[in-house]
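Visitor: Please show me the chain, and let us then go through the terms one by one.

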Amino acid sequence: MNTNNIQKVNYQKILDKITDKIEKECAEGENRPALFLHACCAPCSSYVLEYLSRYFTITIYFYNPNIMPEAEFSHRLAELRRLLQEMPLEGTVSVIAGTWEPERFLALAKGHEHEPERGERCQRCIRLRLEQTMQAAKDAHADFVTTTLSISPHKDATFINQCGAELAKQFDVPWLYADFKKKGGYQRSIVLSHQCDLYRQDFCGCVFSAANRHAASH
């Protein structure tokens with residue numbers, strides 16, 4: 001999906017309208033809507049959870065077959081669970097751990113191993129993770145789906161939201177538009193990560209991004 005020619009959208013304004021509506025409905029006695037939140041790690045989740053737990057009952061879906069080796073996958077999942085135990089949140093938040101299946105990521109990455117982050121490999125990876133999250137959200141009858149990925153300055157928020165919106169039509173689960181870098185979200189996630197002493201990895205998770213980081217540091 002080429003996002004170069006897509007008109008820039010203020011996803012924060014779209015999100016503000018939805019959360020304002022939810023806040024009003026909750027004040028009138030409505031229950032909080034159920035949100036399935038795809039999460040890649042605890043640091044990226046910290047600000048997003050602080051922000052969204054005021055409006056939603058959240059189920060975190062940790063599906064990241066790109067993260068290797070398995071020890072890295074398990075470490076990130078454990079840190080995410082620790083974050084929920086230690087961070088004060090306004091609403092109910094739970095975690096579902098998706099299956100670690102790196103063979104799915106490696107299959108889609110074949111032929112794209114040397115592409116930079118935000119390239120075709122990265123887009124295929126994001127689509128796979130969002131597609132799996134959408135299926136889980138549909139099975140759980142969730143009201144909305146979104147991902148923490150847009151908080152990263154290394155990720156293309158336009159692609160993420162366009163992909164999410166496309167999959168939302170396919171699975172018939174509303175996509176929650178967001179760009180969590182807005183309102184100082186990324187900077188806040190750094191502060192929260194330090195406060196909770198979270199493991200902050202220096203690569204997105206896949207072996208290719210790890211190799212790129214290693215090469216850049218030498």
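Guide: Strand 2 (residues 57–62) is mostly covered, with five of its six residues buried. The model is predicted, so local features need pLDDT of at least 70 and side-chain atom pairs count only at pLDDT 80 or more, while totals for chains, interfaces and linings use all residues. Residues are numbered from 1 along each chain as its sequence is written, and side-chain values use heavy atoms, with hydrogens and water left out.

Visitor: Why is strand 2 called mostly covered?

Guide: Buried means under 20% relative accessible area, exposed over 50%, and partly exposed in between, with a 1.4 Å probe and protein chains only. Five of the six residues of strand 2 are buried, therefore the strand is called mostly covered. The strand itself is a DSSP run of E, at least two residues, and a helix is a run of H or I, at least four residues, both numbered from the N terminus.

Visitor: How do you know that strand 1 and strand 2 pair?

Guide: Two strands pair if DSSP finds at least two bridges between them. Strand 1 (residues 34–38) and strand 2 have five bridges, in the parallel sense, and therefore count as paired. In strand 2, Y61 is the bridge partner of H38.

Visitor: Which strand pairs with strand 2 in the parallel sense over five bridges, with residues 93–97?

Guide: That is strand 3. There, S94 is the bridge partner of T59. From strand 2 the chain crosses through helix 3 (residues 70–86) to strand 3 in a right-handed β-α-β crossover.

Visitor: What makes the unit of strand 1, helix 2 and strand 2 right-handed?

Guide: A crossover is right-handed if, with the strands pointing away from the viewer, the path from the first strand over the helix to the second runs clockwise. Strand 1, helix 2 (residues 42–52) and strand 2 form a right-handed β-α-β unit, so their path runs clockwise in that view.

Visitor: What makes a space in the model a cavity?

Guide: On a 1 Å grid over the protein atoms alone, a cavity is a set of points where a 1.4 Å probe fits but cannot get out, and lining residues have an atom within 4 Å of a point. The count is two cavities of 30 Å³ or more.

Visitor: Which helix gives the most to the lining of the second largest cavity?

Guide: Helix 5 does, with three residues. Helix 5 (residues 120–139) also supplies the largest share of the lining of the largest cavity, four residues.

Conventions. 1 Å grid on protein atoms, 1.4 Å probe; cavity = no way out; pocket = protein on both sides within 12 Å on 5 of 7 lines; lining within 4 Å. Points joined across faces, edges and corners; volume = space filled by probe spheres on them.
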